[in-house]
Amino acid sequence: MIALVRYMFTVMLLSQRYLAPLLLFVGLLAVLTSSDSGPLAATYGSAAGAMLVCSAWLTMALTGLEDQTHRSVVVVTAGSHLRVLLGSVGTAVLWCLLLAAAGLVLPLVFGTHAFTPADAVLGIEAQLTCAFTGIAIGLVCSRPVFRRQGYALLVALVLLPAAMLAKGVSPVSLLLADLQNASDSSDLLGSTGVLLALSAGILAVGVAIAQVIGLRRN
């Protein structure tokens, strides 16, 4: 699995398809957190919202790198369609961890904040919650599921706002509401950890959907 993730990470790196979501992420952080001096919880909420969009974009780009013939070769080499799918998830998570590191640091560069360890933990939890949800959306809208990428884009444009706005249903919506109203990061560490676990469950559902539909289409 490590070799598979290394291969996919390298292919993504060489393809330069990571550049657009990366630049979008940095641009959103610059716009949303520039000259900000408020609580870091709300600031990291902005970073988490940016992560949701960019993680979905990264996942769709990653799963669409190879044509059907090339992907079939990778599946045979890896041993199963599921291993390739899990390798894609692992690679997407790795890219999102790099974005999350930037999401922790850049708000401190663009704004003026008092930084504490609780802020760091909350920032990571918040961004990973949105990353897992975004990767799940990216998998559902990936090329193995939707052969026509126009349809995949339309579905993604529906699911992303739904994830942010579905109050009481989506962990992302609950997370962003909590972060917006918080003044102390330490007060949210427990509840955000629960939302992170829920988003991991959503990611597992996204993997299952992509696996079932991908196998049927193959």
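## A guided tour of the predicted model

Begin by selecting Leu22, which is partly exposed because its relative accessibility is 30%; buried stands for under 20% relative accessible area, exposed for over 50%, and partly exposed for what lies in between (1.4 Å probe, protein chains only). The model is predicted, so local features need pLDDT of at least 70 and side-chain atom pairs count only at pLDDT 80 or more, while totals for chains, interfaces and linings use all residues. Residues are numbered from 1 along each chain as its sequence is written, and side-chain values use heavy atoms, with hydrogens and water left out.

Leu22 belongs to helix H2, residues 19-33; helices are DSSP runs of H or I with at least four residues, numbered from the N terminus.

**Gln16.** Next select Gln16, in the loop between H1 and H2. Most residues other than glycine have a negative phi. Gln16 is partly exposed, because its relative accessible area is 49%.

**The largest cavity.** Now select Tyr7, Met8, Val11, Leu62, Leu65, Glu66, Arg71 and Ser88, which line the largest cavity. On a 1 Å grid over the protein atoms alone, a cavity is a set of points where a 1.4 Å probe fits but cannot get out, and lining residues have an atom within 4 Å of a point. The space in the largest cavity is about 60 Å³, and the structure holds one cavity of 30 Å³ or more. Which helix gives the most to this lining? Helix H1 (residues 2-15) does, with three residues. By class, five lining residues are nonpolar, one is polar and two are charged.

Move to Val74 in helix H4, residues 68-78. Val74 is buried because its relative accessibility is 7%. Its C-alpha atom lies 12 Å from that of Thr63, eleven residues away along the chain. Ser80 sits in the loop between H4 and helix H5 (81-110), and counts as partly exposed because its relative accessibility is 26%.

**The largest pocket.** Select Thr133, Ala136, Ile137, Leu159 and Ile202: of the 15 residues that line the largest pocket, these are the closest to its centre. A pocket is an open set of points with protein on both sides within 12 Å along at least five of seven lines. This one holds about 240 Å³ of space. Helix H6 (117-140), helix H7 (149-165) and helix H9 (189-217) each supply at least two lining residues.

**Gly214.** End in helix H9 at Gly214. This residue is buried because its relative accessibility is 1%. Select Val145 as well: Gly214 and Val145 are 69 residues apart in sequence, yet 5.6 Å apart in space, C-alpha to C-alpha.

Key:
Points joined across faces, edges and corners; volume = space filled by probe spheres on them. Nonpolar A, V, L, I, M, F, W, Y, C, P; charged D, E, K, R; others polar.
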